[in-house]
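Work through these exercises with the structure open beside you. Try each task before reading its solution.

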Amino acid sequence: MMQKNNTFARIFNILVYVFLYLPIVVLIIFSFNDSKSRTVWSGFSLHWYQELLQDEEILAAFSTTITVSVIAAVVATVLGTAAAIGFHNMKRRPRNLFLTINNIPMTNADIITGVSLMLLFVAAGNILGFSLGFGTLLVAHITFNVPYVVLAVMPKLRQLNPNLGEAAMDLGATPWQAFWKVLMPELRPGILNGMLIAFTMSIDDFVISYFTAGSEVSTLAMQIYAMTRKRISPEVNALSTILFVVVLTLLVIVNVRQVRQEQLNEKRARALRKGGNG
Amino acid sequence: MSKELIRLHDVCMAYDDELVLDNINLYINDSEFLTLLGPSGCGKTTTLRIIGGFTTPSSGDVTFDGERINDVPPHKRQINTVFQKYALFPHLDVFENIAFGLRIAKVGEKEIEERVNEMLEVVSLKGFGKRKVDQLSGGQQQRVAIARALVNRPKVLLLDEPLGALDLRLRKDMQNELKRIQQQMGITFIYVTHDQEEALTMSDTVVVMDKGRIQQIGSPEDIYNEPKNAFVADFIGESNILDGIMHTDFVVEIFNRKFRCLDKGFAPMEPVDVVIRPEDIEIMAPEKGRLQGTVTSVTFKGVHYDTIVDFKGYKWLIQTTDYHEVGSVIGIILNPDDIHIMKKSEYSGMFGDYSSYSAEYDEINDPDFDADEAEEDADDED
């Protein structure tokens, strides 16, 4: 009986993954297709990737994406880390309140974040005299990245021995030195993870970018969308494949790092408990 | 001879209307081993944090060497701390943990090496310099924490329940070790614990605290032999605490009988608390004793038997090496120096009655007792 159930569960599992990933697999395969056809395989070629590299618009979008993602990730990391430390030092009630507020944008539909940010930028732009463009795109990315950084740094803060900073100051370190020499090395893995997640989110984002970038600049995701609307060229397959591989790699890195840190924490906890043979 | 180093003058501490410290007055001499002893929540750790500079008192003054240091931040005080859970820096190895304070102070590389190695030897961790902190056992981490504090040659070392996480045998070893280190370095130790035995073993001076107030300050012998009130008498060791009436100097009435004692200075016929330590009571044949009672329970404790004896409905704990079986009638005599008289206090009537005595009595009543911890300790013993 048990055995039967297991087999069924396994098949079901496989079906779910096939359903989820088959379209992407087909897309990746056809990005290497020699002909323009999206249904008939006519031999392996890197033709579409070469096309990509010669397409000015795509190169511009690529550089926009990288620039926005890097700057947004770095700025969000600084802001998010500072916010996390601030939340951590609050009393329980306000802390929970702020963390909930922090979490709402992540569960909120992108389209609502995108439209509301656009409305804000347009209104502010009317008064202050700017229009949608790279600046607003960047601010939007920073905005939706900060909560992810906070979420990545908080657990590290919670694991921290509460006396660590005090111990450093006790030994003569100024509060600033205590932060950089003792707290920072402990938080660094969480902060790096936060930055990687933020970077991934930025690369990956389409909806919010679409509403906040205006008509002058576009990111790779926006470019793909635009391409599918004009002429459906297999370049789209190639570009999507690149984007997919980059995001997948980043996510794998983040996950592996998190697992490693959990193992390390467990090791430390075990060492402290093992008091008997000193 | 030894001069005063730290003084707390009328120190109060309040968190959101809750008074955590209530008029603490205390001075600490140079090279003294002083222990702040009390149950959890008595304010002992807050007092330590005020001395360390991590907490600023709501009112009152803290002086160090005669200078007011209320607002001096921790990194500018000649005081170092050993924290409860050690708070070692996990990203640094043992050597760098100990060298941390010296590097902040920009001490030369050669001197750092000398002083760290010297400290490693003091705490018996020679050759452990390159180890990672998480490769050390709890006891070894404890030693690193002590070395890390002492290497800076502080005038005062604060220790916040440093042995709390260690198992029983290791704790005994570390008690001796700490006392040795303190004498060898010749500096002041201020030690926080809820373990009365630890306090009596190591300290020159014990400060007993409860509810944010100092209950008594004195040498371990003073505290044990001359407790000031029922709280101190009960917290330090076992005691039978009885209602008595002081007739005149040196004469106290208990159970309608008069006993000679060594205490004086009370008003005539003043109601008092009488402390009788269970190990001071001498058991006789019933006809020879001044009081007669019936044994209701006997527990073997190794060195002695905990014998509960019913005297007219009031149960006493008597510790005796002789076995008296349950139900037998015994007599006791009390010598004048077995009796200690205390003024009535808010604690009168709360302690010192063994009517509900059971072997688990201490554990149930110990506010710090943690069932999980006890289990872990038991595991460690295996």
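**Exercise 1. Which domains does the domain assignment give for chain B, and what separation do their centres have?**

Solution. Note that this is a predicted model.
- Step 1: Read the bounds. Domain 1 of chain B covers 4–225, and domain 2 covers 239–361.
- Step 2: Take the centres over C-alpha atoms. The centres of these two domains of chain B are 38 Å apart.

**Exercise 2. Describe chain B as a whole.**

Solution. 
- Step 1: Count the secondary structure. Chain B has 10 helices and 20 strands.
- Step 2: Box the C-alpha atoms along the principal axes. The box is roughly 80 × 50 × 40 Å.
- Step 3: Check burial. Chain B has 382 residues, and 41% of them count as buried.
- Step 4: Look at contacts in chain B between residues at least 6 apart in sequence. Of these, 68% join residues at least 24 apart.

**Exercise 3. How do H2(B) and H4(B) pack?**

Solution. 
- Step 1: Recall the description. Two packed helices are described by the angle and the distance between their axes.
- Step 2: Locate the helices. H2(B) spans residues 94–104, and H4(B) spans residues 138–150.
- Step 3: The angle is about 30°, and the axes of H2(B) and H4(B) lie 7 Å apart.
- Step 4: Classify. Angles under 35 degrees count as roughly parallel, so H2(B) and H4(B) are roughly parallel to each other.
- Step 5: The crossing of H2(B) past H4(B) is right-handed.

**Exercise 4. Which residues of H2(B) and H4(B) meet?**

Solution. 
- Step 1: List the H2(B) side: Val94(B), Asn97(B), Ile98(B), Phe100(B) and Gly101(B).
- Step 2: List the H4(B) side: Val144(B), Ala147(B) and Arg148(B).
- Step 3: Sort by class. The contact of H2(B) with H4(B) has five nonpolar residues, two polar and one charged.

Conventions
Residues numbered from 1 in each chain as written. Chains lettered and ligands numbered in written order. Predicted model: local features only at pLDDT ≥ 70, side-chain atom pairs only at ≥ 80, totals over all residues. Axes fitted to C-alpha atoms, helices over the stretch in contact; angles between N-to-C directions. Helix = DSSP H or I, 4+ residues; strand = E, 2+ residues; numbered from the N terminus. Parallel < 35°, antiparallel > 145°, perpendicular 65-115°, else oblique. Left-handed = near helix turned anticlockwise from the far one by under 90°. Contact = placed C-beta atoms within 7 Å. Nonpolar A, V, L, I, M, F, W, Y, C, P; charged D, E, K, R; others polar. Domains from an automatic or database assignment. Buried ≥ 20, exposed ≤ 12 C-beta atoms within 10 Å, placed from the backbone.
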